[in-house]
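This report sets out what can be computed from the atoms of a single chain. Please keep the sequence and the coordinates at hand while reading.

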Amino acid sequence: MSGLVTKMYAVFVGVGVFAFANGYVNVALNKPAYQQNAYRGNDPYDASNAVDGRKSDLRWDGGQCAVSWGEQTATWWVNLTYIHSIHHITIYFRTDNKPWGPSNSNTMVFIGFSVYVSNTTDRLQGTLCYKDDNFTLATIPSVFNTTCPVHGQYVIYYNERLPGVTYPDEYSEVVVSDLCELEVYGCPATGCYGSINSPPCPDVNCQYCHIETGTCQGCKPGYKGYRCELGKIVYVQL
C-alpha cells in the first residue's frame, strides 16, 4: 500500500499524556523508541526525544531531537506496545531552526525516506505507508504528514544510501534518523474506530476494523466471515 501525502488541518491539544489531532490520539507519545547508529547514546540525542511531545527547538543539540551518526542506512522506530488502529503519521524533521529548503543541509539526508507500520521491528514484514521518490531539496516539507489507515505495533522510519546504487545528485552520501518528533494518530484502544475513538468495532466479533469506516479487517480468534459472523464449529459427543 502506498501512502498519500495530505494536508492535515489539525489542531493539537495536550491533555494529560495524550495529544489529539482531528479527534485522533497520538498513541506514540512517550512510548519506547529505538534508533540505529545512535549518536553518543545519551539523553540529549536519544531516540526517545522524538516521542516526548517537545518540538519547539529543532536543533541537533537542542535536546528535543533524536540524533544519529551518518551511515549508509538509518532506522528509527517507536513501539506502540500493542497493535493500534492508525489513521495518520506526522514527522518533524531536524531543521536546526534555520530556513528550510535547498539552503538547509538537513534536507539532503531526509529525501528518499520511507515510513512503515509493522507488528515487529522488521519493516519488511509490515506495510509500506510512504516511500519518497518525488521530493527535492526545494519541496520536502519540514513537517511531513501521511495518511495510513492500517493496524500495527511499530512505526518505522527508514532511509538508505546503498553502495552500487545511483541516487539523484542532490541526495546526501549518508543518511541519519534525526527526527525531532514523530506522532502516530489513531485509536488509543484495540477495536475502536472513528475520530471520536468510540469502541468497539461495529461487528461484535471483529478485533480490528478500518479506523474511518468501521469495516472489519480482522476477526477475533475463532471467528471468520466478512463480518466475523461465522464462529468455530464445536462438535459435542453424545
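## Basis of the values

The structure is a predicted model, in which local features need pLDDT of at least 70 and side-chain atom pairs count only at pLDDT 80 or more, while totals for chains, interfaces and linings use all residues. Residues are numbered from 1 along each chain as its sequence is written, and side-chain values use heavy atoms, with hydrogens and water left out.

## Overall make-up

The chain contains one helix and 15 strands, where helices (H or I, at least four residues) and strands (E, at least two) are DSSP runs numbered from the N terminus. Of the 238 residues in the chain, 47% are buried; here buried means under 20% relative accessible area, exposed means over 50%, and partly exposed lies in between, with a 1.4 Å probe and protein chains only.

The chain exposes about 11,800 Å², of which carbon and sulfur atoms supply 54%; accessible areas come from the Shrake-Rupley method with a 1.4 Å probe, and for residues only the protein chains shown count as cover. Among the contacts (heavy atoms within 4.5 Å) with a separation of 6 or more, 67% are accounted for by residues 24 or more positions apart.

## Strand β6 and its partners

Strand β6 spans residues 73-93, and because 18 of its 21 residues are buried, β6 is largely enclosed by the rest of the structure. Two strands are taken to pair if DSSP finds at least two bridges between them. Strand β6 runs antiparallel to β10, with nine bridges joining them, and V78 has V155 of β10 as its bridge partner.

Seven bridges join β6 to β11, again in an antiparallel arrangement, with H88 facing its bridge partner Y185 in β11. Strand β9 (residues 143-147) is joined to β6 by five bridges and runs antiparallel to it; in this pairing Y92 stands opposite V143. Strand β5 (residues 33-35) is also antiparallel to β6, through three bridges, and Y34 stands opposite W77 of β6.

## Salt bridges

The structure holds six salt bridges, each defined as a side-chain nitrogen of Lys or Arg within 4 Å of a carboxyl oxygen of Asp or Glu. Which residues are linked in a network of such bridges? The network consists of R94, D96 and D178: the side chains of R94 and D96 meet at 3.1 Å, N to O, and those of D178 and R94 meet at 2.6 Å, N to O. The latter pair links distant parts of the chain, 84 residues apart, with D178 in the loop between β10 (151-160) and β11 (179-186) and R94 in the loop between β6 and α1 (107-110). D178 is buried at a relative accessible area of 2%, R94 is buried at 15%, and D96 is buried as well.

A further salt bridge joins R227 to D203, with the closest N and O atoms 2.7 Å apart. This pair links parts of the chain 24 residues apart, R227 being in the loop between β14 (223-224) and β15 (230-231) and D203 in the loop between β11 and β12 (206-209). D203 counts as buried at 10% relative accessibility.

## Disulfides

The structure holds five disulfides, a disulfide being a pair of cysteine sulfur atoms within 2.5 Å. With the bonded cysteines numbered in sequence order, the pairing is 1-4, 2-3, 5-7, 6-8, 9-10.

One of the disulfides joins C65 and C180, whose sulfur atoms are 1.9 Å apart; C65 lies in the loop between β5 and β6 and C180 in strand β11, so that distant parts of the chain, 115 residues apart, are linked. The torsion about its S-S bond is about 90 degrees, and the disulfide is therefore right-handed. C65 is buried at 0% relative accessibility, and C180 is buried with a relative accessible area of 0%.

The sulfur atoms of C129 and C148 are 2.0 Å apart in another disulfide, which is left-handed because the torsion about its S-S bond is about -65 degrees. Since C129 lies in strand β8 (residues 127-131) and C148 in the loop between β9 and β10, the pair ties together parts 19 residues apart in sequence. Both cysteines, C129 and C148, are buried. C206 and C216 are also joined, S to S 2.3 Å, and a torsion of about 100 degrees makes this disulfide right-handed.
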